[in-house]
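Please open the model in a viewer and keep the selection panel at hand. The tour moves from one selection to the next.

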Amino acid sequence: MKSKKGLVLVYTGNGKGKTTAAMGLALRAIGHGEKVYMIQFMKGNPDYGEVRATSYLPNFHLVQKGRDCFVKKGDPHPEDLRLAREGAELARQVIAGGEYDLVILDEINVAVDFGLVSEEDVLSLIDLKPEKTTLVLTGRYASEKLMEKADMVSEVREIKHHFKKGIGAQPGIEY
Ligand code: ATP
Ligand code: MG
């Protein structure tokens, strides 16, 4: 088998498709017998399709580290802070453990922008990463330093979104 070079991949921008891009990579990795660990920051809804799907997909572990409501920028609930810190600590353990080929930190860029997780902590996770592990960081507002350090950065740009014409969140599309 060819040796694996793990990468640091960032999906950012204001359009729809960042979290689902990361999940597409997860599916692809699972097809190669790889193990995936996804931590969702600032999310806490067990009814998300991806949370349900992990109960039938082998090798896909997903943990939510947020409350099931919006975080107020500049005034986070103490529980938002506690869960985000727990998420960052869990990420550290999972990455350092080296058991997972693909580690996805979903919405971590927003958690940094909102001050729930420090930028230094995220940058140090990259340094901690074993060679073969791929790390995916999603969310709007990816920091400059993170984008500099990453191997790949894709910005999803909104051209139009169905929310603007009043079509709300739907199962299988938004969650
Ligand atoms: P998805 O989870 O569908 O891949 P995303 O991760 O790119 O979307 P986020 O920025 O995490 O999007 O936003 C979460 C939710 O907000 C998604 O359910 C998405 O449909 C919605 N959303 C994303 N982009 C926009 C937009 N430009 N306008 C309105 N709603 C959006
Ligand atoms: Mg997202």
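The lining of the largest cavity comprises five nonpolar, two polar and one charged residue; here Ala, Val, Leu, Ile, Met, Phe, Trp, Tyr, Cys and Pro are classed as nonpolar, Asp, Glu, Lys and Arg as charged, and the others, Gly among them, as polar. This is a predicted model, in which local features need pLDDT of at least 70 and side-chain atom pairs count only at pLDDT 80 or more, while totals for chains, interfaces and linings use all residues. Residues are numbered from 1 along each chain as its sequence is written, chains are lettered from A and ligands numbered from 1 in the order in which they are written, and side-chain values use heavy atoms, without hydrogens or water.

Select N109, V112, E119, V122, Y141, A142, S143 and L146, which line the largest cavity. On a 1 Å grid over the protein atoms alone, a cavity is a set of points where a 1.4 Å probe fits but cannot get out, a pocket is an open set with protein on both sides within 12 Å along at least five of seven lines, and lining residues have an atom within 4 Å of a point. Two elements, α4 (108–113) and α5 (119–128), each give two or more residues to this lining; helices are DSSP runs (H or I, at least four residues) numbered from the N terminus. The cavity holds about 50 Å³ of space, a volume being the space filled by probe spheres set on grid points joined across faces, edges and corners.

Next, select K43, Y48, F70, E107 and E174, which lie nearest the centre of the largest pocket among its 33 lining residues. The volume of this pocket is about 1200 Å³. Colour α1 (18–31) and α2 (49–53), the elements that give two or more residues to its lining; α1 gives the most, with four. By class, 13 lining residues are nonpolar, nine polar and 11 charged.

Now display ligand 1: the space it takes is the largest pocket (more than half of its atoms lie within 2 Å of the grid points). Around ligand 1 are 14 residues, the closest being K16, K18, T20, E107 and E158, counted when a heavy atom lies within 4 Å.

Which side chain has an N or O atom 2.5 Å from a nitrogen atom of ligand 1? That side chain belongs to E158. For an oxygen atom of ligand 1, the distance to an N or O atom in the side chain is 2.7 Å at T20 and 3.1 Å at E174. These are polar contacts (pairs of N or O atoms within 3.5 Å).

How values were computed. A polar contact is a pair of N or O atoms within 3.5 Å; within protein, one must be able to donate a hydrogen and the other to accept it, and residues adjacent in sequence count only if both atoms are side-chain atoms.
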